[in-house]
Amino acid sequence: MTILNVDNITMQFGGIKAVSDLKMEINEREIVGLIGPNGAGKTTAFNMITGVYKPTLGNVYFNDKNITGIKPHEITKLGIARTFQNIRLFKELSVLDNVLIANHLRLKSGIVASIVKTPNYKKEERHIYEKSLQLLEDVGLLDLINERADNLPYGKQRRLEIARALATEPKLLLLDEPAAGMNPQESLELMEFIREIRDKYEIAILMIEHHMQVIMGVCEKIYVLDYGITIAEGSPENIQNNPKVIEAYLGVD
Amino acid sequence: MKKHRLLTALAVVALIGLLGVFNLTFDSYKLRILNLCGIYIILGLSMNLINGFTGLFSLGHAGFMAVGAYVSALLTMSPELKDTVFYAVPIHPFVKAMSAPFPIALLLGGIAAGIVGGVIAAPILRLKDDYLAIATLGFSEIIRVVATNLQSITNGPLGLKGIDRVVNTGWSWGLAILTVYFIKKLMDGSYGKAILAIREDEIAAEAMGVNLFRHKMYSFIIGAFFAGIGGGLLAHMLGTIDPLMFRFILTFNILLIVVLGGIGSITGTVISACVVTSMMEVLRFLEGKMDFGFFQIQGIPGMRMVVFSALLMIVILWYPRGLMGTKEFNWDYILQRKYLNIFNKKKKKKTVSEEN
């Protein structure tokens, strides 16, 4: 079943079309890659799906609901979570707090209940706490929960960002260059990790990545952007042999 | 955790006992400074919630305080008193009729300030950083100008006089302790964490599902509410208020407390509220005549502020994040330290005895 349907979205900044007529379909529990040279419009596409930008033209449907122009926090509540290209953790807060905050959107108690600590709120808080510990165990950060987020090594910060996104209980997870700055060994671990979370949390994943090894190894479907235009889509094998893709990445004589 | 709670309870009891002793032994001048400390703790915390925890640089505090002070004072003044105070322009009949006992008047003053805070915040929360600071400063001045010109309600520049001076140590410090408790509980809870997330990274907070507008509104309204309470207490401590009291300098004094104590630290604000308020009085001698033997200084009004500016510069240079930064008082820290000290001493003794 399709959970995300991107219907011909275009983003225009003044005279520049950062993304034009992007069509994309993502099924449940599918891992999809979005690749392309620098400045191809990949992150812009992410920002349109997550509500940071409102597309100039076209619509985005999530679970058959039109989410075009909805605010980012509402889209997160509907079930799309994301990570950022340049890690955006709550740096001065603890690892645990980072994950706890991502549970806030599911909290039912009001602000007064949270101050007087009603039994209902306490129950919810305990549930959130246990859920967050479980998540941190899943991503292998359980021994670091009281550490400040910016004290973590780079690879663990990336993991924490993914854990934080998972805490919002998404059905679709958008990863913006999760392997950036990782060595080959870490990239391999990351591939394994991405598959694991897909299976464990039964979510679909859309990822932007430059590491071809990661993309080809883990994605079931790939979209290729160049100057905002979708130049190819299909399985990893198809993409690898597509002359247009090779041209976009390597150029031709 | 239970141990900590017991220690906190003991500390609060000790504080109340200490305040009781002060209350009996201090003369009226010292008591006034003590009460002022309590009020400035409330004001500092309310500003710290908006500026420190939420990261919204707001300079509207004097305005919110004015609303709280005027509303609560008009509620506690008796109709006869109002008639004698409003001699220039007759008082509005509704304002003359309204009255409430002090606790309710104070609460209503706070609520009125919260409402004004919310109404102001709704349109200007689109702004950020210095633009937000200028807009809130502007609104604070607007409130003051309105208070100056709405003569039938506020008695204009003549101000209100003869307000019951009911605020004693119990009121100021009792409410200060309550405010500390309230803000602490708020920041420990899920909403407080979401507010911190906004300060840390707005874009990430929004992407994690935090409704930015709603949480900023919460922070602004609660902050304005406590500023209103502080204003009401001030009015009922001084006995007179007039619009000139609520100039920018008042906001600046509170900002000084917040910055010195640490932007985003409850402990820091409490400490620096007491230190700054006491210093303001202690340093009063600087403004009087001074005789150094070889030369003399005639009294220079404003010398205190020179010292405070210098102090602020020193703190900013060596402690850019205030005395406490974002750290908080923590029983664990103190207990462990003590424990370690005893442990070390024992160890030393042992080694000495072994050598013998």
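**View 1. Polar contacts between chain B and chain A.** Across the interface of chain B and chain A, 9 residue pairs are in polar contact, both residues being at pLDDT 80 or more (a pair of N or O atoms within 3.5 Å; within protein, one must be able to donate a hydrogen and the other to accept it, and residues adjacent in sequence count only if both atoms are side-chain atoms). On the side of chain B that touches chain A, α10(B) provides the largest share, 8 residues (helices, H or I, of at least four residues are DSSP runs numbered from the N terminus). The model is predicted: local features need pLDDT of at least 70, side-chain atom pairs count only at pLDDT 80 or more, and totals for chains, interfaces and linings use all residues. Residues are numbered from 1 along each chain as its sequence is written, chains are lettered from A in the order in which they are written, and side-chain values use heavy atoms, without hydrogens and water.

**View 2. A salt bridge between the chains.** Asp97(A) and Lys193(B) join their side chains in a salt bridge, 3.8 Å from N to O (a side-chain nitrogen of Lys or Arg within 4 Å of a carboxyl oxygen of Asp or Glu). Between chain B and chain A there are 3 salt bridges.

**View 3. The two domains of chain A.** Chain A comprises domain 1 (1-79 + 170-253) and domain 2 (89-160), with bounds from an automatic or database domain assignment. Their C-alpha centres lie 28 Å apart. Lys200(A) forms a salt bridge with Asp138(A), with the closest N and O atoms 2.9 Å apart.

Conventions: Helix = DSSP H or I, 4+ residues; strand = E, 2+ residues; numbered from the N terminus.
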